[in-house]
Amino acid sequence: MVEILFFIAAIGAIAGAVGVVVLENPFYSVLSLVAHLLSLALLFLLLEAQFVAAVQVVVYAGAVMVLYVFVVSYVGGQNLPIRAVNSPSLRIAAPLFAFCLFVELMIATLGTGLSAISSEGPKLAANYGEPEQIGELLLTKFLLPFEVASFLLLIAAVGAVMLARRRRGLDEPEVPAPLGLLRPAGTGTMAESAGGGFFRKSTASASDDSTSTGRDLG
Amino acid sequence: MSINWYLAVSATVFCIGAAGVMLKRNPLVILLCLELMLNGANLSLIAFSRMWGNGDGQIFAIIVMVVAACEVTVGLGVIVALHRRRLPIDADELRELQG
């Protein structure tokens with residue numbers, strides 16, 4: 001049973017990862033990554049890390065991926081095909097390098113003959129991987145990383161707001177409202193009384209006329 | 001299941017992510033591939049945590065998730081800012097990131 005679940009989850013995780021790289025449309029890449037993350041959560045459950053699996057589903061596949069979907073639809077996913085890579089040598093070198101890395105990792109993890117690695121692991125404590133154990137570790141042994149991570153999250157949130165906010169001078173030049181152009185001058189709106197547009201010019205010329213005629217009369 | 005299998009899956013996912021980072025030009029997809037690499041590392045951490053039978057690796061994985069979330073927010077903010085300035089969303093065109 002465990003074996004069947006493992007192979008289903010592992011094939012799902014690897015297929016999702018391949019889909020992220022292979023699919024052309026960024027939106028489909030994001031959806032593929034969601035499938036990958038859900039399969040990975042199943043693998044975490046098989047490793048009896050229940051809390052991390054829940055965090056993976058809720059935070060990663062839920063929150064972070066929604067953020068991705070929003071940005072992809074905002075930017076309007078420009079599907080640049082892989083073939084548009086400038087140098088053709090990179091197209092050959094990148095998979096080659098990745099394959100070399102894969103072989104190296106396999107040698108490092110599996111080929112060294114670590115006897116402990118090829119076991120199923122020790123007998124676990126009753127509360128292994130549960131929120132109780134995670135919370136206790138976070139607040140006792142790993143208190144400093146916990147606090148540093150909270151500060152890091154705060155800094156990242158402030159930085160994201162600063163980066164993505166609308167700045168003056170960067171946006172498109174202000175287009176005059178169509179209603180203001182259609183309206184005839186001198187109709188007594190708030191904008192005119194504040195001294196804008198056509199009304200100021202027409203009143204200035206009118207006052208010039210009135211003073212000149214008054215001087216003539218006097 | 002032996003821990004070996006989990007490590008093999010983890011290495012595969014990590015390498016696919018590395019290949020994607022090198023191949024892709026769209027910064028959004030590059031960020032996605034970075035997520036893949038981080039998740040491959042996370043799977044190793046959880047597998048080693050299971051191997052040793054204590055929860056330290058799981059704490060490490062959670063901290064990695066926090067760092068990944070920070071990286072995503074800042075990276076997506078940069079992409080939104082690029083889009084606002086009408087710059088091309090293309091990692092090859094964006095060789096100079098000053099001002």
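Chain A averages a pLDDT of 77, and 66% of the residues score at least 70. Among the elements of chain A, helix α2 (residues 26–46) has the highest mean pLDDT, at 93, while helix α9 (residues 198–217) has the lowest, at 46. Over residues 197–218 of chain A, pLDDT stays under 50, and the model has five contacts beyond four places in sequence for this stretch. Where pLDDT is low, the predicted coordinates should not be read in detail.

Helix α4 of chain A makes a friendly example to trace by eye. This helix runs over residues 88–109, which makes 22 residues, and reaches 32 Å from its first C-alpha to its last, close to the 32 Å expected at 1.5 Å a residue. Its buried residues are Ala94(A), Ala98(A), Leu101(A), Met106(A) and Thr109(A). These cover an arc of only 135° around the axis, so they lie on the same side of α4(A). The partner against which they pack is α1 (3–23) of chain B. On the face turned away from the buried side, α4(A) carries the exposed residues Ile92(A), Leu96(A), Phe99(A), Glu104(A) and Ile107(A).

Turning to chain B, Asn42(B) can be found in helix α2 (residues 27–52) of that chain. Asn42(B) counts as buried because its relative accessibility is 1%, under the 20% cut-off. With neighbours within four places in sequence left aside, Asn42(B) is in contact with Ala61(B), Val64(B) and Met65(B), as well as with Phe44(A).

Note on methods. Residues are numbered from 1 along each chain as its sequence is written. Chains are lettered from A and ligands numbered from 1 in the order in which they are written. This is a predicted model: local features need pLDDT of at least 70, side-chain atom pairs count only at pLDDT 80 or more; totals for chains, interfaces and linings use all residues. Side-chain values use heavy atoms; hydrogens and water are left out. Helices (H or I, at least four residues) and strands (E, at least two) are DSSP runs, numbered from the N terminus. Buried means under 20% relative accessible area, exposed over 50%, partly exposed in between (1.4 Å probe, protein chains only). Contact means heavy atoms within 4.5 Å. pLDDT is the predictor's confidence in each residue, from 0 to 100. The expected span of a helix is 1.5 Å times one less than its number of residues. The arc is that of the directions from the helix axis to the C-beta atoms.
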